[in-house]
Amino acid sequence: MYIYWNYYKTILIVNVSLSAALSVTFGLGNFSMLPYIFATIGFVLSCFLVRFFENNTMYLYYNLGFSRTKLLLGSLLFNSLITLFLLTIIWI
Amino acid sequence: MDIDQKELYADSIEFSYSGNRQLLTGVYLHIKVGEIVGLLGRNGSGKSTLMKVIFGTLRPKFAYIRLNGKRVHEKTFLTNEICYLPQQNFLPTATTVDKAVRFMVREKNSRTKFLEDEILKPIWQTKIADLSGGELRYLEILLLLNQKATFFLLDEPFSGVSPVYKEKIQDLIVSQCAKKGFLISDHDYTNVLAICNKILLLQNGCCRILNDKKELELFYVPEGTFDA
């Protein structure tokens, strides 16, 4: 779990920044779209950016016996949980 | 399985980058525990590609890989029996030595060995980005050697490393040799030859086994290089 979380942390930082910027841009100044962008395009773009800029650090995970697919699935799970949390805050 | 029965066997490895000529055409290699195999070859001969194919991060046209008697159908690194040191540094630059060790070595007892290491002790809280080339390479190799894998593919472990650190890295590899098997490739062949007990020359897409370093003069280095 620790390994999955460590991989996801890099994606999370990029995703939060990207989603906030996109949410403000397309939501005309408010953050109501943030959870939806965070769960979809923000996540996909972040995974792509992390893969592009941090490609060599993947060997860290390969050497621990983790494939990219496994790590991305773990990240998707963490991302979905955080999205649920964000949506709950908005609904309350 | 006894440690001395463990082996990495790779045969008929064929690989070509899309549209290009075939880079590897039926490579064969066999590494046992206790062996340090030096993989030599010219630039672009496919040494790194071969290591990546064996490790499982590059998909070959065909490869028969057997690890400890069992054929590997999936990516080899998923077995946790093999580690690979890439040419470029693989540790995240924003983290510290302490965090990198804690991340890669989960057992507390093994981690204390790192703290006692004379090279790592003074740089324990230093960021990876601030380490010298030699310190970083030493740390990466030490972290890999502390994994439970039996076979290690080291791609240019001596590149950009000062002579003092080269010696330390050589000592580290030799000290682990009894329990592990190594495939080492480096352009600085003198450092590889100093520790290896088997030499492979990758040439024209195939591996040639050389019996002693004098044979390198026939295929790789100028004649008279090893005249004492």
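Which residues of β8(B) point one way and which the other way? I find B:Gly181, B:Leu183 and B:Ser185 on one side of the strand, with B:Phe182 and B:Ile184 on the other, and all are buried.

**Ground rules**

I note that this is a predicted model, so local features need pLDDT of at least 70 and side-chain atom pairs count only at pLDDT 80 or more, while totals for chains, interfaces and linings use all residues. Residues are numbered from 1 along each chain as its sequence is written, and chains are lettered from A and ligands numbered from 1 in the order in which they are written.

My elements are DSSP runs numbered from the N terminus: helices are H or I with at least four residues, strands are E with at least two. I call a residue buried if 20 or more other C-beta atoms lie within 10 Å of its own, exposed if 12 or fewer, and partly exposed in between, with C-beta atoms placed from the backbone.

**Entry: around β8(B)**

I checked the burial of the whole strand, residues 181-185: 5 of the 5 residues are buried, so β8(B) is largely enclosed by the rest of the structure.

Next I looked up its partners, taking two strands as paired if DSSP finds at least two bridges between them. Strand β3 (residues 36-40) of chain B runs parallel to β8(B) over 4 bridges, and B:Ile36 sits opposite B:Phe182 there. Strand β7 (residues 151-155) of chain B is also parallel to β8(B), over 5 bridges. In that pairing B:Phe151 faces B:Gly181 and B:Leu154 faces B:Ile184.

I wrote down the order of the open 6-strand sheet as β6-β7-β8-β3-β9-β10 (chain B), with mixed pairing. Its edges are β6 (82-85) and β10 (206-210) of chain B, each pairing on one side only. The twist averages 20 degrees from one strand to the next. For angles I use axes fitted to C-alpha atoms (for helices over the stretch in contact), on a scale from 0 to 180 degrees between N-to-C directions. Contact, for me, is two residues with C-beta atoms, placed from the backbone, within 7 Å. On this sheet I see α1(B) packing against β3, β6, β7, β8 and β9 (198-203) of chain B, at about 150 degrees to the direction of β7(B).

The open sheet of 4 strands goes β2-β1-β4-β5 (chain B) and is antiparallel. I count 7 bridges in the antiparallel pairing of β1 (residues 7-15) with β2(B), and B:Leu8 stands across from B:Ile31. Helix α1 (residues 47-55) of chain B packs on this sheet, touching β1, β2 and β4 (62-67) of chain B at about 115 degrees to β1(B).

**Entry: chain A**

I get 5 helices and 0 strands for chain A. The C-alpha atoms fill a box of roughly 45 × 25 × 15 Å along the principal axes, and buried residues are 26% of the 92. Of the contacts between residues at least 6 apart in sequence, 72% join residues at least 24 apart.

I checked the length of helix α5 (residues 68-91) of chain A: at 1.5 Å a residue its 24 residues should span 34 Å, and the end C-alpha atoms are 34 Å apart, which agrees. The expected span is 1.5 Å times one less than the number of residues. Its buried residues are A:Leu71, A:Ser75, A:Asn79 and A:Thr83, and they pack against α1 (2-26), α2 (34-39), α3 (41-53) and α4 (58-63) of chain A.

**Entry: where A meets B**

I find 10 residues of chain A in contact with 17 residues of chain B. The largest share on the chain A side, 4 residues, comes from α4(A).

One chain B residue I followed up is B:Leu78, in the loop between β5 and β6 of chain B. Beyond its neighbours within four places in sequence, B:Leu78 is in contact with A:Gly65 and A:Ser67.
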